[in-house]
Amino acid sequence: MASSVGGDAGEGEWLKVAELRAMAEAQDPHVKEVDNMTLRRFLRARDHDVGKASVMLLKFVAWRREAVPGGVMPADQVRGELSHDKARMGGFDRAGRPIVFAFPAKHFSANRDMAEHKRFLIYLLDKICARIPRGQDKFMCVVDLKGWGYPNSDVRAYIAAIEIMQSYYPERLGKALMVHVPYIFMKAWKMVYPFIDANTRAKIMFVEDKNLDETLRREMEESQVPEIYGGKLPLTPLADD
């Protein structure tokens with residue numbers, strides 16, 4: 001199983017990181033631009049199998065070069081997605097992980113542009129990862145499905161999000177809380193579930209409405225609980241973050 005904590009690596013792990021770098025750089029010199037902490041995440045995502053981690057890393061480097069040629073996804077490339085306010089930044093959980101809040105009821109499959117959707121996912125993941133403090137590797141996500149209905153159902157978009165996160169942002173998700181989950185959502189979930197790897201599945205928690213308040217306060221300090229859940233912290237729109 002992949003490592004779950006962003007803690008210190010032992011000497012043996014750093015030796016494997018060096019081995020991974022040498023193997024991958026021999027096939028793609030652009031790997032030199034990737035830092036050791038990122039290499040360690042790819043190594044952990046493949047249970048410290050250097051060969052498998054190299055394959056995953058090389059795929060990431062090639063993808064990143066094509067998907068984000070300038071190194072940063074410009075906001076003007078995702079204006080349509082940002083205008084729907086589908087996600088906001090919160091505070092930090094008790095483990096020191098930054099929290100992002102997603103609102104799938106603001107996504108409509110009928111007017112979704114898949115190319116912009118994928119760019120938005122990169123923009124969002126880069127934003128939350130940039131907030132991860134030193135000594136921590138991961139972020140937390142709260143997926144609030146309040147108001148979700150069939151017009152919001154978009155299995156292709158959900159699978160795209162899962163594939164991008166699992167393939168190109170390994171070992172970044174620390175925990176995902178699914179809240180205000182309507183029964184009809186489970187039909188879409190059953191179609192998406194096979195695309196979620198075992199490591200990611202273990203990080204997803206469905207929270208019943210009656211347990212929401214207790215769960216949020218267990219996961220975060222009172223000062224970090226958002227206003228929309230009875231706390232005092234205002235959530236920050238992505239465009240303003």
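Arg-46 is partly exposed, with a relative accessible area of 33% (buried means under 20%, exposed over 50% and partly exposed in between, using a 1.4 Å probe and protein chains only). Keep in mind that this is a predicted model, where local features need pLDDT of at least 70 and side-chain atom pairs count only at pLDDT 80 or more, while totals for chains, interfaces and linings use all residues. Residues are numbered from 1 along each chain as its sequence is written, and side-chain values use heavy atoms, with hydrogens and water left out.

You'll find Arg-46 in the loop between helix H2 (36-45) and helix H3 (50-67). Helices here are DSSP runs of H or I with at least four residues, strands are E runs of at least two, and numbering starts from the N terminus. Not counting residues up to four places away in sequence, Arg-46 touches Lys-52, Ala-53 and Met-56 (contact means heavy atoms within 4.5 Å). Met-191 is 145 residues apart from Arg-46 along the chain, and their C-alpha atoms are separated by 25 Å.

## The sheet

Six strands make up an open sheet with mixed pairing, in the order S5-S4-S3-S2-S1-S6 (two strands pair if DSSP finds at least two bridges between them). Strand S5 (204-206) and S6 are the edge strands, each pairing on one side only. Helix H9 (residues 212-219) packs on this sheet and touches strand S3 (139-144), strand S4 (173-179) and S5. The direction of H9 makes about 160 degrees with that of S4 (axes are lines fitted to C-alpha atoms, for helices over the stretch in contact, and angles run from 0 to 180 degrees between N-to-C directions).

Strand S1 (residues 87-92) pairs with strand S2 (residues 98-102) in the antiparallel sense over four bridges. The two form a hairpin with five residues between them, and Gly-96 in the turn has a positive phi of about 85 degrees. Across this pair, Met-89 stands opposite Val-100, and Arg-88 has Phe-101 as its bridge partner. On to S6 (residues 236-237): S1 pairs with that strand in the antiparallel sense over two bridges, and Thr-236 is the bridge partner of Met-89 there.

S2 and S3 pair in the parallel sense over four bridges, with Cys-141 in S3 as the bridge partner of Val-100. In a regular strand the side chains alternate between the two faces of the sheet. For S2, Pro-98, Val-100 and Ala-102 point one way, Ile-99 and Phe-101 point the other way, and all are buried.

Six of the six residues of S3 are buried too, so this strand is largely enclosed by the rest of the structure. Phe-139, Cys-141 and Val-143 cover one side, with Met-140, Val-142 and Asp-144 on the other.

## Nonpolar cores

The largest nonpolar core has 56 residues, and those with the most contacts inside it are Leu-57, Val-100, Phe-139, Tyr-169 and Leu-238. (A nonpolar core is a set of buried Ala, Val, Leu, Ile, Met, Phe, Trp, Tyr and Cys residues joined through side-chain atoms within 4.5 Å.) There's also a second, separate core of 14 residues, which includes Phe-101, Phe-103, Val-179 and Tyr-229.

Leaving aside neighbours within four places in sequence, Phe-139 is in contact with a list of residues including Pro-98, Val-100, Leu-125, Ile-128, Met-165 and Leu-173.

## H6 against H7

The axes of helix H6 (residues 155-168) and helix H7 (residues 185-192) come within 10 Å and cross at roughly 50 degrees. That makes H6 oblique to H7 (angles under 35 degrees count as roughly parallel, over 145 as roughly antiparallel, 65 to 115 as roughly perpendicular and the rest as oblique). Where they meet, Val-155, Tyr-158 and Ile-162 in H6 contact Phe-185, Ala-188, Met-191 and Val-192 in H7.
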